[in-house]
Amino acid sequence: IRLHTLRKYQAARSMDMRNRDYGAYVVSGVIGAGEVSQVRWTEPKATLKFDVYPADCRLHMKYWVVDQAIPLHSTITIRVNGNEAGHVSQDKTGTQDAEFPIPAAWISPRGFTLVEISVDKPLKDAGGTPLGVAIQSMVFDYVQAERRK
């Protein structure tokens, strides 16, 4: 797999489309790569890469839903290294947050952890290009162990 490694920027556990380093996270399926904006559209299937320590964590995704997506009743599926983390529906407009528990076993101990995003009923732009999701950010947050009393 070609992972599009950049010299100036390195993938870590937090990707934000408003930062110049977002390109370090893109493997495939991100439209309009090269410019920085609040959100970036994906194709119906996209893959991002992260460098995450193999521990239990939560994957937070912030995305934006446009009015035209609501009648499609589309579902976004998130997979981490091939494991299905969960689904979210594009059922209300505006900025949305989704959170998925990720067990340590799904994180790559060496190399990148791949996050696959797929949309089952893609929206089409004015030119007929299918669009997946307008993603703003993705962050892996580590889960702290509960203290015993």
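Arg 79 stands opposite Glu 116 in strand 8, in a predicted model for which local features need pLDDT of at least 70, side-chain atom pairs count only at pLDDT 80 or more, and totals for chains, interfaces and linings use all residues. Residues are numbered from 1 along each chain as its sequence is written, and side-chain values use heavy atoms, with hydrogens and water left out.

**Strand 5 and its partners**

Strand 5 and strand 8 (residues 113-119) are antiparallel and share five bridges; strands are DSSP runs of E with at least two residues, helices are DSSP runs of H or I with at least four residues, and both are numbered from the N terminus. Two strands are taken to pair if DSSP finds at least two bridges between them. Strand 5 also runs antiparallel to strand 6 (residues 83-89), to which six bridges join it. In that pairing, Val 80 stands opposite Asn 83 in strand 6. Strand 8 is in turn joined to strand 3 (residues 40-50) by six bridges, again in the antiparallel sense. There, Lys 49 has Leu 114 of strand 8 as its bridge partner.

The pairings are collected below.

| Strands | Sense | Bridges |
|---|---|---|
| Strand 5 and strand 6 | antiparallel | six bridges |
| Strand 5 and strand 8 | antiparallel | five bridges |
| Strand 3 and strand 8 | antiparallel | six bridges |

**Burial**

Residues are classed by relative accessible area as buried (under 20%), exposed (over 50%) or partly exposed (in between), with a 1.4 Å probe and protein chains only. Five of the six residues of strand 5 (residues 75-80) are buried, so strand 5 is largely enclosed by the rest of the structure. For strand 8, six of the seven residues are buried, and therefore strand 8 too is largely enclosed by the rest of the structure.

Ile 76 belongs to strand 5 and is buried, at 0% relative accessibility. Contact means heavy atoms within 4.5 Å. With neighbours within four places in sequence left aside, the contacts of Ile 76 include Met 61, Tyr 63, Gly 86, Val 88, Ile 117, Ser 118 and Val 133. Pro 44 is 32 residues from Ile 76 in sequence, and their C-alpha atoms are 9.1 Å apart.

**Loop residues with positive phi**

Most residues other than glycine have a negative phi, and most peptide bonds are trans. His 73, although not a glycine, has a positive phi of about 55°. His 73 is located in the loop between strand 4 (57-65) and strand 5 and is exposed, with a relative accessible area of 58%. Asn 81 is likewise not a glycine and has a positive phi of about 50°. The loop between strand 5 and strand 6 contains Asn 81, and two residues separate the strands of this hairpin. Asn 81 is partly exposed, at 28% relative accessibility.

**The chain as a whole**

The protein chain has eleven strands and zero helices. Of its 149 residues, 41% count as buried. Among contacts in the protein chain with a separation of 6 or more, 67% are between residues 24 or more positions apart. The chain exposes about 8,800 Å², of which carbon and sulfur atoms supply 47%; accessible areas come from the Shrake-Rupley method with a 1.4 Å probe, and for residues only the protein chains shown count as cover.
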